[in-house]
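Biologist: I am new to this structure and would like to be walked through it with care. Could we begin with the pocket and then turn to what is packed inside?

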Amino acid sequence: MKTVLFDYGNVVSLPQAPEDVARMAGGDRGFEDRYWQVRLDFDRGSLDPAAYWSHVYGRPMAGADLDAVVALDVASWSRPNEETVGIVDELAGAGVPMALLSNMPVCVAEGIDGLPFMRPIGPRFYSGRMGLVKPEPEIFHETVAWLGVAPGDLVFVDDRPENVAAAERAGLAAVHFRDAAALREDLKELLV
């Protein structure tokens, strides 16, 4: 039986809401650019939360200020895409194995792991714990090895075309996530 390997952000979860970003930005117009500028380094674990957020805010971040912004960041990624979650629940009910592969820093992963809608999906591979990020081929090779399945037995679902292409180069079947309705149709074809 094939395993569905989900991405998290913008697939299982909704994109960050503008009001969540605004709360973190606190009126700083350059916030979003700096948030994404070195995010892959944060996702990889090359930057710890203090170093990342100090870069984003342009001042040292520590203690209660750091804890508060990490909590806001986790909350901004904690809104489920209910339509995708419906598919996850259907797959779980049919006994289809699922896993997660997400570019995500450890501090965010720790917050996401406890969300109720994540229960059916496991094991979970987070870039911050692996020291690798998508679309690097090694992250797919390590995930496949850990799962102990052939690459062709995995169906990878991601919203970013470059990650889908990298998964396909690593031998996985891959779906470019556009919306839940299209995903449901794609999975019907791939899970036979």
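Biologist: How do the residues of the lining of the largest pocket divide into nonpolar, polar and charged?

Modeller: This is a predicted model, and in it the largest pocket, with a volume of about 470 Å³, is lined by 21 residues, of which Trp36, Asp43, Trp77, Asn103 and Arg160 lie nearest its centre. By kind, the lining residues divide into eight nonpolar, five polar and eight charged.

Biologist: Which element gives the largest share of the lining of the largest pocket?

Modeller: The elements that contribute two or more residues to the lining of the largest pocket are helix H3 (39–44) and helix H10 (161–169). The largest share, three residues, comes from H3.

Biologist: Where around H10 do its buried residues lie, and what covers them?

Modeller: An α-helix has 3.6 residues a turn, so residues three or four places apart point the same way. In H10 the buried residues are Asn163, Val164, Ala166 and Ala167. They cover an arc of only 165° around the axis, which means that they lie on the same side of H10. What covers these buried residues includes helix H9 (137–147), strand E4 (154–158) and strand E5 (173–176).

Biologist: Which residues have the most contacts inside the largest nonpolar core?

Modeller: In soluble globular proteins, nonpolar side chains tend to be buried together. Here the largest nonpolar core has 47 residues, and apart from it lies another core, of 17 residues, among them Ala99, Leu132, Phe140 and Leu172. Inside the largest nonpolar core, the residues with the most contacts are Phe6, Tyr8, Phe31, Trp53, Ile112 and Met118.

Key:
Residues numbered from 1 in each chain as written. Predicted model: local features only at pLDDT ≥ 70, side-chain atom pairs only at ≥ 80, totals over all residues. Heavy atoms only, no water. 1 Å grid on protein atoms, 1.4 Å probe; cavity = no way out; pocket = protein on both sides within 12 Å on 5 of 7 lines; lining within 4 Å. Points joined across faces, edges and corners; volume = space filled by probe spheres on them. Helix = DSSP H or I, 4+ residues; strand = E, 2+ residues; numbered from the N terminus. Nonpolar A, V, L, I, M, F, W, Y, C, P; charged D, E, K, R; others polar. Buried < 20%, exposed > 50% of the residue type's maximum accessible area, 1.4 Å probe, protein only. Arc of directions from axis to C-beta. Contact = heavy atoms within 4.5 Å. Core = buried A, V, L, I, M, F, W, Y, C linked by side-chain atoms within 4.5 Å.
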